[in-house]
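This report concerns the protein shown below. Please consult the sequence and the structure alongside the text.

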Amino acid sequence: MFIAMGLMLLGMILGWLLRGRAWLGLLARCVSPAIMLLLFSLGVAVGGNRELMNNLPLLGGKALLLTLAGVAGSLACVAVIRRWFRDFPAAPGAGNARKTPVDAHPPHDGE
């Protein structure tokens, strides 16, 4: 793991040092096909692993349960936050923003 992170950091530093070069643009166009090739290779490796393929229904069920629990937790947090912060200010530039007492009675310039 540290090797992969180190290689990525080294690539970032090298890219920063060599930015603005013409051949760097050509290299950037190779990134998507390289990622697709890596994903395909990963799929072949997973498909060739008998133990993983046999346990895939169990792993998929756990992944589904984890996803649903994450969504339920997020919705619960939103409900709690909305309960605590009922009257939050409107976004700047919102067309139908409610007027606050300060907006309804602007300050008078010495009058």
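## Basis of the model

The model is predicted, with local features requiring pLDDT of at least 70 and side-chain atom pairs pLDDT 80 or more, while totals for chains, interfaces and linings use all residues. Residues are numbered from 1 along each chain as its sequence is written, and side-chain values use heavy atoms, without hydrogens or water.

## Overall make-up

The protein contains 6 helices and 0 strands, where helices (H or I, at least four residues) and strands (E, at least two) are DSSP runs numbered from the N terminus. Of its 111 residues, 1% are buried (under 20% relative accessible area; exposed is over 50%, partly exposed in between; 1.4 Å probe, protein chains only).

## Helices 2 and 3

The axes of helix 2 (residues 22-29) and helix 3 come within 4 Å and cross at roughly 30° (lines fitted to C-alpha atoms over the stretch in contact, with angles from 0 to 180 degrees between N-to-C directions). Helix 2 is therefore roughly parallel to helix 3 (angles under 35 degrees). Leu27, Ala28 and Arg29 of helix 2 meet Val31, Ser32 and Pro33 of helix 3 in this contact (heavy atoms within 4.5 Å).

## Nonpolar surface patch

Val31, Ile35, Leu39, Leu42, Val46, Met53, Leu56 and Leu59 form a nonpolar surface patch of about 670 Å². Such patches join nonpolar side chains (Val, Leu, Ile, Met, Phe, Trp, Tyr) within 5 Å, from residues with over 30% relative accessible area and no salt bridge (a Lys or Arg side-chain nitrogen within 4 Å of a carboxyl oxygen of Asp or Glu). Areas follow the Shrake-Rupley method with a 1.4 Å probe; for residues, only the protein chains shown count as cover.

Helix 3 (31-48) and helix 5 (56-84) each give two or more residues to the patch, and helix 3 gives the most, with 5 residues. Leucine 59 lies in helix 5 and counts as partly exposed because its relative accessibility is 40%.

Technical notes:
Patch = residues over 30% accessible without salt bridge, like charges linked within 9 Å, V, L, I, M, F, W, Y side chains within 5 Å. Parallel < 35°, antiparallel > 145°, perpendicular 65-115°, else oblique.
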